[in-house]
Amino acid sequence: MRTTALITGASSGLGAEFAAQLAARGHDLVLVARSADRLEALAERLGKAHGITAHVLVQDLSAPDAARRVGAELADRGLTVDLLVNNAGFGTCGRFEEIDGSRDHDQLMVNVVSLVDLTHELLPGMLARGRGSVVNVASTAAYQPTPYFAVYGASKTFVLNFSLALRQEYRRRGIRVLALCPGPVETAFFEVIGTRKAAVTGRFDSPGAVVRAGLRALDADRSYVTPGLSNFAGAHLAPRRPRGLVAAIAERVTRGVRDAARVA
Ligand SMILES: NC(=O)c1ccc[n+]([C@@H]2O[C@H](COP(=O)([O-])OP(=O)(O)OC[C@H]3O[C@@H](n4cnc5c(N)ncnc54)[C@H](OP(=O)(O)O)[C@@H]3O)[C@@H](O)[C@H]2O)c1
């Protein structure tokens, strides 16, 4: 039976890699982002390479009605979605008062609101069919407060906890929910932020390795995964309390990143 995966942020980085690996597994695709030309090129390439059908759905996910529009477009085209990959996202960096408030607003719309709204759009159909999966891309930033990335880190903490909660609600009803929590990955993410120093560890994973780890974790019905040994260690071995002290230590680390982003 053919299954369809919808991937947000499929025009670049981890999203494009999810598209490639899921196409190689034989899934049809719905590719969502703003960059129509990139999505069209990817759809054509993956269709030819893997004999799958890839649909392009151009949508700005910071728009308040984005998920409703995606849902309406899927209904118009007669498409059902078996796997939702909520991957689209971006980060802002700097002192909170220096960051454009509308940029932070859009960040929350893309990283958080559209992710919840799309899940509302697509989960009921999965439940009705008795099967389906949701992969939400969080980050190692989810595990502690991230000064100078205050909104980004908090958005990813939301994504992680939202995913873990949903998984518990739906695990006995045929629905898998996975939070993928990568550390720094070699994508355009850091161009958007303005400095590669935002990869605090200085080490980058490849999108291919991160997505492979994510799909393996989904196959194994895990609740979350942090690919890479050093990311795993940072996420699981570092103390999380007292919370104020953890935030103070994090500030010492991210201060340098803030300064690098300012001069970049
Ligand atoms: N790279 C890392 O180090 C890293 C680490 C941990 C987590 N992550 C997370 O991984 C996810 C993917 O990021 P990436 O690293 O692959 O970065 P990327 O290469 O910059 O890709 C970001 C994707 O999000 C899409 N996007 C951004 N704003 C959008 C909007 N308003 N509407 C629709 N789509 C939008 C972009 O598409 P368009 O510009 O075409 O719209 C693009 O396809 C993000 O959630 C990010 O937070 C990344």
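A compact globule of 264 residues would have a radius of gyration near 18 Å, and this chain has 18 Å, so the two agree. The model is predicted. Along its principal axes, the C-alpha atoms fill a box of roughly 50 × 40 × 30 Å. The secondary structure comes to 9 helices and 7 strands.

Now look at how the chain is packed. Of its 264 residues, 52% count as buried. Take the contacts between residues at least 6 apart in sequence: 71% of them join residues at least 24 apart. The surface comes next. The chain exposes about 12,300 Å². Carbon and sulfur atoms supply 53% of that area.

Turn to the ligand. How many residues surround the ligand? The count is 30, and the closest are Ser-12, Arg-34, Ser-35, Tyr-152 and Thr-187. Sort this shell by residue type, and it divides into 15 nonpolar, 12 polar and 3 charged residues. Helices contribute to the shell as well. α1 (13-24), α5 (150-170) and α6 (189-193) each supply at least two of its residues.

Some contacts with the ligand can be followed atom by atom. Start with Arg-34, one of the closest residues. A polar atom of the Arg-34 side chain lies 2.7 Å from a ligand oxygen. Leu-14 uses its backbone instead: a polar backbone atom there is 2.8 Å from an oxygen atom of the ligand. Val-185 also takes part through its backbone, with an N or O atom 2.8 Å from a ligand oxygen. How much of the ligand does the protein cover? On its own, the ligand has 880 Å² of accessible area, and the protein covers 94% of it.

Next, visit the backbone. Most residues other than glycine have a negative phi, and most peptide bonds are trans.

Begin with Tyr-148. Its phi is near 70 degrees, a positive value in a residue other than glycine. Find Tyr-148 in the loop between β5 (132-137) and α5. Is Tyr-148 buried or exposed? Its relative accessible area is 14%, so Tyr-148 is buried, since buried means under 20%.

Asp-221 is the next stop. Here phi is near 55 degrees, again positive in a residue other than glycine. Asp-221 sits in the loop between α7 (207-219) and β7 (224-225). Its relative accessibility is 28%, so Asp-221 counts as partly exposed.

Arg-241 and Pro-242 are joined by a cis peptide bond, with omega about -5 degrees. Pro-242 belongs to the loop between α8 (229-237) and α9 (243-263).

Finish with Asp-82. This residue lies in the loop between α3 (66-77) and β4 (83-86). Its relative accessible area is 10%, so Asp-82 is buried. What does the side chain of Asp-82 make a polar contact with? The partner is the side chain of Arg-131, at 3.2 Å. Now set aside the neighbours within four places in sequence. Asp-82 is then in contact with Arg-2, Thr-3 and Thr-4, among others. Further contacts of Asp-82 include Met-126, Arg-129, Arg-131, Gly-132 and Ser-133.

Note on methods. Residues are numbered from 1 along each chain as its sequence is written. This is a predicted model: local features need pLDDT of at least 70, side-chain atom pairs count only at pLDDT 80 or more; totals for chains, interfaces and linings use all residues. Side-chain values use heavy atoms; hydrogens and water are left out. A residue is near a molecule or strand if one of its heavy atoms lies within 4 Å of it. A polar contact is a pair of N or O atoms within 3.5 Å; within protein, one must be able to donate a hydrogen and the other to accept it, and residues adjacent in sequence count only if both atoms are side-chain atoms. Accessible areas come from the Shrake-Rupley method with a 1.4 Å probe; for residues, only the protein chains shown count as cover. Helices (H or I, at least four residues) and strands (E, at least two) are DSSP runs, numbered from the N terminus. Ala, Val, Leu, Ile, Met, Phe, Trp, Tyr, Cys and Pro count as nonpolar, Asp, Glu, Lys and Arg as charged, and the others, Gly among them, as polar. The radius of gyration is taken over C-alpha atoms; the globule rule is 2.2 Å times the number of residues to the power 0.38. Buried means under 20% relative accessible area, exposed over 50%, partly exposed in between (1.4 Å probe, protein chains only). Contact means heavy atoms within 4.5 Å.
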